[in-house]
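Please keep the sequence and the model at hand while reading.

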Amino acid sequence: MKEKFKNVEFLRFIFAIFIVFYHFRSIIKGTLEQYVPGITHCDICVEFFFIIAGFFLFSNFKINTDTVKFALKRFFRLAPLIWFSTVCFLVLSLISKFHFSFDNHILRMLLLSNIGFSPKVETTVIHWFIPVLFWCSLFYFYISKIFDKKYLNLIMWLIVIFSCSFALNYTNFTTGGQTKNIYYVINIGVMRGLAAMGVGYFISMLYNSDFLKTCSKKMQIIISSIEIYLVTFLAHYLLFTNKIPGKTPFLYVVMFSALFFLFLRKKGIISKLLDNNLFYTLGASSYAIYVMHPVVSTYFKHLVFKHNTALINQHALVYILIVGISAIAVGILTHYFVEKPINKWISSKQIF
């Protein structure tokens, strides 16, 4: 039986909420930033999802798995919720003035948007993470099959260094830059995905070693202190200040990677405390929350806000919180009534 990392699901849930409010901060510009100025840098949380995905990809890697079967399984894990949200966008376009772009949504449904094949369109930009996750997963899976381990480590290291350096230098060491194509063939979002998933690969190597697998009570106290510091660090720079730590967003990745590894080991007080069924249940909804939050935003923007502009401006923060909480609720409901039934049906067909 595979080990369940319930505390990691908590991380997924929390950072999914951060991304939701990062996107919703533009509902009424400047309002949310007054209370949580660090929200302007919360797009870096996408890197955290890539790192987690990279870890589980390589932890569960089986060289005998057929590449086509892997690709199909991955595609049908990610795509159905995209199809469902596309239907929701289409319905919204029929009852409001929301513009539904058929060509871009076709690419979106095939997980081809925002990797160089589509222009910058609002609804596809927010979902840039999903096609990048799919294609980067497929790329890393394939090279893991064809290269010997002694060469793979060097190849992975070179990919991480190149893609991370390219993305950081292009964005002038700030966060963002998810959809821009450079020199026609290099997509910044893909560079971010390759870099962060590669970090997940090295975390999986460290996890499979003996490092901190067993430790004394004194060491557990030290680990607990480190966990508290890392949580405080991330909370401070993602919520309470608009300054980037150390003048480069890469430090976010370093600090999260350390916290993620400690959560995998479950030796500290925070990682143990959060390793429970409640957070596992909430974390299971994180993907649905991410996919559905643009639908909720579009609904409020085109069917609620434009008819209540004065009231909304008067109570701006309240409305942002209402939209955010609504997005989380819709995501949880979508997970249990759409995502889970679809995944169960696909599994029952034993196609893969």
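## Helix α3 against helix α11

Helix α3 (residues 45-59) packs on α11 at an angle of about 40°, with the axes 10 Å apart; axes are lines fitted to C-alpha atoms, for helices over the stretch in contact, and angles run from 0 to 180 degrees between N-to-C directions. Helices here are DSSP runs (H or I, at least four residues), numbered from the N terminus.

This is a predicted model, in which local features need pLDDT of at least 70 and side-chain atom pairs count only at pLDDT 80 or more, while totals for chains, interfaces and linings use all residues. Residues are numbered from 1 along each chain as its sequence is written, and side-chain values use heavy atoms, with hydrogens and water left out.

From α3, Glu47, Phe48, Ile51, Ile52 and Phe55 meet Tyr252, Val253, Phe256, Ser257, Phe260 and Leu264 of α11, where contact means heavy atoms within 4.5 Å. The residues of this contact divide into 9 nonpolar, 1 polar and 1 charged (Ala, Val, Leu, Ile, Met, Phe, Trp, Tyr, Cys and Pro count as nonpolar, Asp, Glu, Lys and Arg as charged, and the others, Gly among them, as polar).

## Helix α10 against helix α11

Helix α10 (residues 217-240) and helix α11 (residues 250-265) pack at an angle of about 140°, their axes being 10 Å apart, and the pair is therefore oblique. Among the residues in contact are Ile223, Tyr229, Phe233 and Leu238 in α10 and Leu251, Met255 and Phe263 in α11. The residues of the contact of α10 with α11 comprise 17 nonpolar, no polar and 1 charged.

The loop between α10 and α11 holds Ile244. Leaving aside residues up to four places away in sequence, Ile244 touches His41, Phe173, Thr174, Thr175, Tyr237, Pro249 and Tyr252.

## Helix α1 against helix α11

Helix α1 (residues 6-24) packs on α11 at an angle of about 145°, with their axes 9 Å apart. Asn7, Val8, Leu11 and Phe15 of α1 make this contact with Phe256, Leu259, Phe260, Phe263 and Leu264 of α11, and the residues involved divide into 8 nonpolar, 1 polar and no charged.

Notes:
Helices (H or I, at least four residues) and strands (E, at least two) are DSSP runs, numbered from the N terminus. Angles under 35 degrees count as roughly parallel, over 145 as roughly antiparallel, 65 to 115 as roughly perpendicular and the rest as oblique.
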